[in-house]
Amino acid sequence: MVVADYPHPSSEGRSANMRANRRTDTKPELALRHALHQRGYRYRKDFRLDLASGKRVRPDIAFTARKVAVFVDGCFWHACPEHGSKPKANEWYWSPKLVKNVERDRINDAALILAGWTVVRLWEHVPLAEAVATVVEALETSRAAGQPGVGQPGVGQPGVGQPPDPEAGGHHPEAN
């Protein structure tokens, strides 16, 4: 078996920094979850969805009854056009990896939409009030339609909408 080259860290400090990066429970994700929870919304965190197509997707926040999947994307890892940076060390490794991350995001979005889910993708730098408004708008749109919405919602006004109706099946225990 041939193992591909793996980049060597430029320093032990850089290595420690990369080990400290989290896949889940990032600061922007925690802030969004906390704000949604305070407003009475209940959801699943890092919940694996096994779609009928055979694709598995793990949204950062999933409102399963409303079929709304929320992703809080880091600027580096998901190649933000505004804030994403290109590593100078081990560029041969990082460039293709970041491109694959973006491709995987688009494939996951398409699979979720095909399965009837609304996909909300937020950059980590989006202000909290704007992020909450976007998620609330997606939830209200799916609620008003009586079924999940499809596509990506626009940005609403902060504080718009009410928490989900428990009888509508919108409440799920938070998995913190």
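Modeller: A disulfide is a covalent bond between the sulfur atoms of two cysteines. The test used here is a pair of cysteine sulfur atoms within 2.5 Å. Bear in mind that the model is predicted. By that test, the structure holds zero disulfides.

Start with Cys 75. Cys 75 takes part in no disulfide. The nearest cysteine sulfur belongs to Cys 80 and lies 3.9 Å away. Now turn to Cys 80. Its closest cysteine sulfur is that of Cys 75, at 3.9 Å, so the gap is too far for a bond. The cut-off for a disulfide is 2.5 Å.

Next, the surroundings. Is Cys 75 buried or exposed? Cys 75 has 5% relative accessibility, so it counts as buried. Cys 80 has 4% relative accessibility and therefore counts as buried too. The cut-off that matters is under 20% relative accessible area.

Now the wider setting. The protein has 176 residues, and 36% of them count as buried. Its secondary structure consists of four helices and six strands. Along the sequence the order is α-α-β-β-β-β-β-α-β-α.

Contacts give another view. Take those in the protein with a separation of 6 or more: 62% are between residues 24 or more positions apart. Last, the surface.

Methods. Residues are numbered from 1 along each chain as its sequence is written. This is a predicted model: local features need pLDDT of at least 70, side-chain atom pairs count only at pLDDT 80 or more; totals for chains, interfaces and linings use all residues. Side-chain values use heavy atoms; hydrogens and water are left out. Buried means under 20% relative accessible area, exposed over 50%, partly exposed in between (1.4 Å probe, protein chains only). Helices (H or I, at least four residues) and strands (E, at least two) are DSSP runs, numbered from the N terminus. Contact means heavy atoms within 4.5 Å.
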